[in-house]
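Subject: Structure for you to look at

Hello,

Here is the structure I said I would pass on. Please open it first, then read the notes below alongside it.

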Amino acid sequence: MIKVAVCGAAGRMGQRIIVAAKEAGCTVSGALERPGHELVGQDAGLIAGCGSLGVAISDDLNAVVEGCDVLIDFTTPKVSLKNLEACALKKKAIVIGSTGFTPEERALAAELAKDIPAVLAPNMSVGVNVCFKILKDVAKTLGDDFDVEIVELHHNKKKDAPSGTAVRMGEVVAEALGRDYNKVANYHREGICGERTKEEIGMQTVRGGDIVGEHTVYFIGMGERIEISHRAMTRDMFSRGSVRAAQWVVGKAPGLYDMQDVLGLR
Ligand SMILES: NC(=O)C1=CN([C@@H]2O[C@H](COP(=O)(O)OP(=O)(O)OC[C@H]3O[C@@H](n4cnc5c(N)ncnc54)[C@H](OP(=O)(O)O)[C@@H]3O)[C@@H](O)[C@H]2O)C=CC1
Ligand SMILES: O=C(O)C1=N[C@H](C(=O)O)C[C@H](O)C1
């Protein structure tokens, strides 16, 4: 039975991860929030709604990491990098679901994961990871004749845009078409912005209410259109995916893994 600690334990994802870890038969050994958080000291299980776990939410990163086999972290890139560093020092595994990493931050994560096994993935659901695989094939098959546009919808509390999943979808399509995502992503059209270029990948963001997460990649040709969509109805497949990643990553060789590795989709 692996010992799982959760960072961001009182957050939307953190609470569901605590429930999923308990349901999967893991020991929840620790729960972390930032220093000064109003729920520090409270029982993490009661906050998550799955009954008392006898684990108080803590703000002591080192103690929580020390006590676990693997830390599951859904917070922000800056917090995740700090957690990765703490796990590397104590030789513990880590699963990171935070999104909004810059290319430089991702490179730093890969560097920090040289000594420990780590999973970093913008989306832990099986469905989205299957979509990544399908998108590669569709983009390769259609080639340059179809315009690619990506639209994502999320709740009004989301802090980063576009979503990490939408960015990964753009990267997968760009790579399949032999393009550099960072050069062809177009995040903004306004005013007399000119005709669409053939190579650009449009990235559109919608925010509102309680939308869990929806992604559509449009391949738009002359007289026809393919849409590949994923709609998340609850957060539970993200949380179950993160626990599956935690169970998979403990004992693996050091390095930075993705959910495609966890699910055997490479
Ligand atoms: N990979 C995936 O499958 C998924 C990824 N995500 C990503 O996960 C991240 C979190 O999302 P969500 O749960 O909705 O966000 P929330 O804001 O609900 O949760 C984040 C939690 O982390 C806490 N936190 C902030 N700083 C620290 C710190 N230094 N130490 C410990 N805890 C801290 C926050 O506290 P406070 O509120 O006080 O700041 C909050 O409780 C986002 O980046 C989101 O995009 C979300 C769903 C699925
Ligand atoms: O913040 C969220 O809620 C989500 N974030 C992830 C992302 O940015 O891709 C995944 C999911 O869509 C929910």
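In which sense, parallel or antiparallel, do strand 7 and strand 10 pair, and over how many bridges? They pair in the antiparallel sense, over seven bridges. Before the rest, please keep in mind that this is a predicted model.

Domains

The protein chain is divided into domain 1, made of residues 3-124 + 235-262, and domain 2, residues 126-232. Their C-alpha centres lie 28 Å apart. Where the domains touch, domain 1 supplies nine residues to the contact and domain 2 supplies 13 residues. On the domain 1 side, the elements that give two or more residues are helix 9 (236-249) and helix 10 (259-262). By class, the residues on that side are three nonpolar, five polar and one charged.

An unreviewed UniProt entry annotates residues 2-124 as "domain: Dihydrodipicolinate reductase N-terminal". In the model, that span is 38% helix and 20% strand, and its end C-alpha atoms are 19 Å apart.

One open sheet has seven strands in the order 3-2-1-4-5-6-12, and the pairing is parallel. Strand 3 (57-58) and strand 12 (255-257) are at the edges and have a single partner strand each, so one side of each has no neighbour in the sheet.

To see one pairing in detail, find strand 5 (residues 93-96) and strand 6 (residues 117-120). They run parallel and are joined by three bridges. Within this part of the sheet, isoleucine 94 is opposite alanine 118 of strand 6.

Helix 4 (residues 77-90) lies across strand 1 (3-7), strand 4 (70-73), strand 5 and strand 6. The angle between helix 4 and strand 5 is about 165°. In the loop that links helix 4 to strand 5 you will find lysine 91. Its phi is near 55°, which is a positive value in a residue other than glycine. For context, most residues other than glycine have a negative phi.

A second question for you: what is the strand order in the open sheet of five strands? The order is 8-9-7-10-11, and the pairing is mixed. The edges are strand 8 (185-186) and strand 11 (225-232), each of which pairs on one side only. Strand 8 runs parallel to strand 9 (residues 201-207), with two bridges between them. Asparagine 186 has glycine 202, in strand 9, as its bridge partner. Helix 7 packs on this sheet and touches strand 7, strand 8, strand 9 and strand 10 (213-220). The direction of helix 7 makes about 165° with that of strand 7.

Strand 7 also pairs with strand 9: the two run parallel and share seven bridges. Here histidine 154 is opposite arginine 207 of strand 9. In the antiparallel pairing of strand 7 with strand 10, isoleucine 150 is opposite valine 217 of strand 10.

The loop between strand 7 (147-154) and helix 7 (164-176) holds proline 162. The peptide bond that joins alanine 161 to proline 162 is cis, with omega about -10°. Most peptide bonds are trans.

The two ligands

Ligand 1 has 26 residues around it, and the ones that come nearest are Gly8, Gly11, Met13, Arg34 and Gly97. Helix 1 (residues 12-23) gives the most to this shell, with three residues. By class, the shell around ligand 1 has ten nonpolar, twelve polar and four charged residues.

Which residues surround ligand 2? They are Thr99, Pro122, Asn123, His154, Lys158, Ser163, Gly164, Thr165, Gly213 and Ala232. Two of the residues in this shell are nonpolar, seven are polar and one is charged. Domain 1 and domain 2 each give at least three residues to the shell around ligand 2. His154, listed here around ligand 2, is the histidine that stands opposite arginine 207.

Regards

Methods. Residues numbered from 1 in each chain as written. Chains lettered and ligands numbered in written order. Predicted model: local features only at pLDDT ≥ 70, side-chain atom pairs only at ≥ 80, totals over all residues. Near = placed C-beta within 6 Å. Nonpolar A, V, L, I, M, F, W, Y, C, P; charged D, E, K, R; others polar. Domains from an automatic or database assignment. Pairing = 2+ DSSP bridges. Helix = DSSP H or I, 4+ residues; strand = E, 2+ residues; numbered from the N terminus. Contact = placed C-beta atoms within 7 Å. Axes fitted to C-alpha atoms, helices over the stretch in contact; angles between N-to-C directions. UniProt positions renumbered as here; feature names shortened; annotations may be inferred.
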